[in-house]
Amino acid sequence: MMTDQQIQLLKYPIGTFNCPDVITTSDIQSWIAILDHFPSRLAQMVNPLTDAQLDTPYRPEGWTIRQVIHHVADSHHHSYIRFKWSMTEQNPVIKAYEENAWANQHDYNQPIALSILHIKAVHAKLVYYLKGLTEKDLQRTFIHPESGDTVSLNQNVGIYAWHSNHHYAHIYELLKRKGWF
């Protein structure tokens with residue numbers, strides 16, 4: 001039986017996102033670099049895995065590696081759209097979705113190849129788009145309907161860089177624990 005602290009470590013192996021009070025150009029560049037390199041890092045780590053390994057949960061009562069990969073594809077697709085909404089509408093209320101319900105859909109059982117390609121394509125588009133935004137553009141905002149929080153685009157760059165590393169760490173830590181390297 002795992003303690004609550006052990007479960008929290010499995011849920012948040014790199015901790016939760018901690019946004020700096022002042023987001024610098026250097027922060028944005030660093031986060032964009034993470035987004036740029038994430039797809040190839042992820043693919044390199046998961047492509048050699050067997051179906052049995054892909055169908056292993058990263059923690060008790062957590063998603064399988066396969067579900068995590070499909071989730072990242074869907075989540076980062078949503079993120080790209082949120083950037084575009086925020087640049088074309090004034091402080092829009094974005095559409096949220098039920099992540100666990102999506103993770104239990106039949107398409108989350110399919111091979112990971114399409115989601116890996118999707119992540120590569122979405123990240124290529126996102127990185128290109130982000131590099132074309134100005135500091136003023138990155139101050140634009142959206143409203144998240146679940147929390148009611150107003151999120152700036154510069155914050156959202158950091159959130160999705162963290163999200164990339166967060167799910168990468170879920171998989172990496174499982175592979176390390178299982179000795180699958």
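Analyst: Begin with accessibility. Buried means under 20% relative accessible area, exposed over 50%, and partly exposed in between (1.4 Å probe, protein chains only). R41 has a relative accessible area of 31%, so R41 is partly exposed. This is a predicted model: local features need pLDDT of at least 70, side-chain atom pairs count only at pLDDT 80 or more, and totals for chains, interfaces and linings use all residues. Residues are numbered from 1 along each chain as its sequence is written, and side-chain values use heavy atoms, without hydrogens and water.

User: Which helix holds R41?

Analyst: Helices are DSSP runs of H or I, at least four residues, numbered from the N terminus. R41 sits in α2.

User: What is R41 in contact with, leaving aside its neighbours within four places in sequence?

Analyst: Contact means heavy atoms within 4.5 Å. R41 is in contact with N165 and Y168. A polar contact is a pair of N or O atoms within 3.5 Å; within protein, one must be able to donate a hydrogen and the other to accept it, and residues adjacent in sequence count only if both atoms are side-chain atoms. The side chains of R41 and N165 make one, at 3.5 Å.

User: Which residues of α6 are buried?

Analyst: They are S115, I116, I119, V122, H123, L126, V127, Y129 and L130. They share one side of α6 because their arc, taken from the directions from the helix axis to the C-beta atoms, covers only 160°. On the other side, L114, L117 and Y128 are exposed.

User: What do the buried residues of α6 pack against?

Analyst: They pack against α2 (25-46), α4 (65-88) and α7 (153-178).

Methods
Helices (H or I, at least four residues) and strands (E, at least two) are DSSP runs, numbered from the N terminus.
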